[in-house]
Amino acid sequence: MVPPRPVVHAAVFALAALQALASDTFIAAVYEHAVILPRAAHKTVSPEDALALMNRNMDILEGAIREAAQQGARIIVTPEDGIYGWVFTREAIYPYLEDIPDPEVNWIPCTDPTRFAPAPVLERLSCMARNNSIYVVANIGDKKSCNSSDPNCPSDGRYQYNTNVVFDSEGKLVARYHKYNLFMSEEKQFNYPKEPEVVTFETPFGKFGVFTCFDILFWKPAVVLVSKLQVDTVLFPTAWMNVLPFLTAVEFHSAWAMGMRVNFLASNTHNTIMSMTGSGIYAPDGARAYYYNMKTEDGHLLIAELDSHPRLSPASPPAVSWSSYASGVEKCVPDEQDFSGLIFYDQFTFTELTKPEGNITVCQKDLHCHLSYKMAGKREDEVYVLGAFDGLHVVEGQYYLQICTLLKCGSTDLSTCGQPVETAQTKFDMFSLSGTFGTNYVFPEVLYSGVQLAPGEFEVLPDGRLESKNSTSKPLLTATLFGRCYEKDLKHPLRNSP
C-alpha cells in the first residue's frame with residue numbers, strides 16, 4: 001500500500017529533522033563525588049532520615065549537573081553509591097530504596113511524581129535533568145516485592161538491586177540497569193538479577209550502554225554491549241578501590257576504552273581512606289580528561305568533547321591482531337635468572353632488566369611476553385622487570401587473565417617486584433611490549449610516576465606491539481598488556497548467590 005503523499009512528506013521531514021539534530025561530536029561530563037556517608041551504615045534509620053542524607057548528596061550533585069550543563073555538556077555520569085554510600089546491611093539499606101519502574105512506562109517523574117509509589121529521589125533526579133536540559137546518569141537502589149511462588153524470593157519478601165538510572169534532557173526515565181556482578185562480601189545487601197541485563201538507549205549524539213563497576217571485568221554485560229550491540233559510549237558509575245600496578249581506576253578504565261574501541265565515561269566515588277578516586281572521559285585513542293587525587297577529599301567535575309560515533313572517526317585506532325608480532329619471535333625457554341612474584345595474589349614469572357637496553361622474553365604456560373627497550377639512563381637504585389601471568393585470578397572473583405607487563409619494583413630487593421609503587425625516576429628512550437595472547441580482548445596502558453596517564457605518548461600497532469612514540473616524558477611505573485580470557489570463564493559464577 002502506498003501511503004498518502006502528506007504522510008510521505010511528513011516522514012521525510014521527520015527524518016531530515018533527526019539528521020539535523022544528530023551530532024558528530026558531543027560534550028560529556030563526569031563527576032567524582034566525595035559522598036556524605038551515614039553515621040552508622042549498619043543501623044536502620046527512618047525513611048525521613050534516609051531521604052535527608054540523600055538530599056544532602058543530591059544538593060552537591062545538582063550543583064555539578066548545573067555547572068556541566070552551563071559548559072555545554074549533553075550528558076553527565078555520577079558515581080556508584082553516590083547518593084547514600086556503602087557497606088550497609090540488607091535491612092539498613094532498605095529505607096534508601098525506591099521502586100523503579102521499567103522505562104517502557106514512559107514516565108517523567110518531575111512532572112508526574114504521583115503516578116507510581118512515592119519516589120522522591122527519582123523525582124529530584126528527573127527534575128535535575130529536565131531543568132538543566134541534560135542527560136543524567138545516577139546510581140540508586142531498587143526494591144521489588146516477591147512471594148513464595150518465586151522459589152528464589154529472599155526470606156524478607158523482596159529483591160534489592162544496585163541500580164543505575166538514566167534520565168533524558170526532558171527528565172524522562174530512559175534506562176534502568178540492575179548490577180549483575182556484585183563485588184563479593186561488600187554487597188551482601190543486594191541481589192543480582194536472574195539474567196544479566198544488557199541496557200542501551202539512543203540519543204541524537206550516539207548509542208549508549210550502561211553497567212556498573214565490577215561488571216567491567218566480565219563478558220556479560222560489558223563485552224556484549226560493545227561487541228554485540230555496538231554501542232558508541234559506555235556509561236560507568238563505579239566505586240573503584242585502586243590496586244596498583246594494573247587495577248588503578250584511571251589506568252584500567254582508559255585501557256578498557258582503548259581495547260574495546262569505545263568511548264567510556266567513568267565516574268568514581270571519592271574517599272581516600274578506601275583508596276577510591278579516579279574518574280575519566282576516555283576515547284579509543286586515549287584519555288580526553290581524567291582525575292586522580294589521593295591527597296584531598298574534594299569532588300571534581302570533568303568535561304571533554306568526544307566523537308559521537310568513535311568507530312567512524314578518522315582518529316579511531318586500527319584493529320589489532322594481538323599475538324601477530326609475538327608469535328613470530330623466537331620462543332623463550334626458562335632461564336635460571338627468572339623468578340616468581342605476586343601481583344594482587346597472582347603468581348607472575350619475572351625476569352630482570354639487568355642492562356640499560358636490550359631484547360628480553362619471559363614465559364608462563366602459553367603466554368610468551370617480549371620486550372625491546374632502552375632506558376634513558378640505568379639507575380642503581382631502581383629495578384625493572386618484565387613479567388608474565390597466564391592463569392585464573394581467584395581473590396575477589398574468578399576470572400582468567402593473560403598479562404604481559406614492564407614494571408618498576410618496590411626497591412632493589414627483587415621480592416618487592418609486583419608490590420604497589422607510585423613513584424619512579426627512570427625514563428625510557430623507547431620500549432616495545434608484545435605477547436602471544438590467546439584472546440582478542442587485551443587492554444593496553446602506560447602509567448607514569450605519580451599515577452599519571454600518558455595519552456598520546458604510546459600506540460598499539462596492528463600486529464599487537466605496545467610501543468612508545470618517543471622517549472617517555474615522565475619516569476615509568478608500568479607498561480602493560482592486560483589480557484582477559486573470557487572464553488575460559490564459568491558461565492554462572494557462584495559468587496553471585498542471592
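Biologist: Over which residues does pLDDT stay under 50, and how many contacts beyond four places in sequence does the model have for them?

Modeller: The structure is a predicted model. Where pLDDT is low, the predicted coordinates should not be read in detail. Here, pLDDT stays under 50 over residues 1-20, and the model has one contact beyond four places in sequence for that stretch. Residues 493-498 also have pLDDT below 50, yet this stretch has 14 contacts in the model beyond near neighbours in sequence.

Biologist: What is the mean pLDDT of the chain?

Modeller: The chain has a mean pLDDT of 93, and 94% of its residues reach 70 or more.

Biologist: How many bridges join strand β1 to strand β2?

Modeller: Strand β1 (residues 25-32) and strand β2 (residues 75-77) run parallel and are joined by three bridges. Within this pairing, Ala 28 is opposite Ile 75 in β2.

Biologist: Which residues does Glu 62 touch, not counting residues up to four places away in sequence?

Modeller: An α-helix has 3.6 residues a turn, so residues three or four places apart point the same way. Glu 62 is placed in helix α2 (residues 47-70). With residues up to four places away in sequence not counted, Glu 62 touches Arg 124 and Met 128. The side chains of Glu 62 and Arg 124 are joined by a polar contact of 2.8 Å.

Biologist: Which residues of helix α5 are buried?

Modeller: In helix α5 (residues 219-228), the buried residues include Pro 221, Ala 222, Val 223, Val 224, Leu 225 and Val 226. The next step is to ask what they face: the buried residues of α5 pack against β5, β6 (199-203), β7 (206-210), β8 (233-238) and α6 (249-260). After α5 comes Gln 230, with a positive phi near 55 degrees.

Biologist: Why is strand β17 largely enclosed by the rest of the structure?

Modeller: Strand β17 (residues 384-393) is largely enclosed because nine of its ten residues are buried. Two strands pair with β17. Strand β14 (residues 346-352) runs antiparallel to β17, with four bridges between them, and Thr 349 is opposite Ala 388 in β17. Strand β18 (residues 399-408) pairs with β17 in the antiparallel sense over ten bridges. In that pairing, Gly 387 has Thr 405 of β18 as its bridge partner.

Biologist: Through how many residues does a hairpin join β17 to β18?

Modeller: The hairpin joins β17 to β18 through five residues. Val 395 lies in this loop between the two strands. With a relative accessibility of 35%, Val 395 counts as partly exposed. Neighbours within four places in sequence left aside, Val 395 is in contact with Phe 344 and Tyr 345. C-alpha to C-alpha, Val 395 and Gln 425 are 32 Å apart in space, and they are 30 residues apart in sequence.

Definitions and conventions: Residues numbered from 1 in each chain as written. Predicted model: local features only at pLDDT ≥ 70, side-chain atom pairs only at ≥ 80, totals over all residues. Heavy atoms only, no water. Polar contact = N/O pair within 3.5 Å; in protein donor to acceptor, adjacent residues only side chain to side chain. Contact = heavy atoms within 4.5 Å. Buried < 20%, exposed > 50% of the residue type's maximum accessible area, 1.4 Å probe, protein only. Pairing = 2+ DSSP bridges. pLDDT = per-residue confidence, 0-100.
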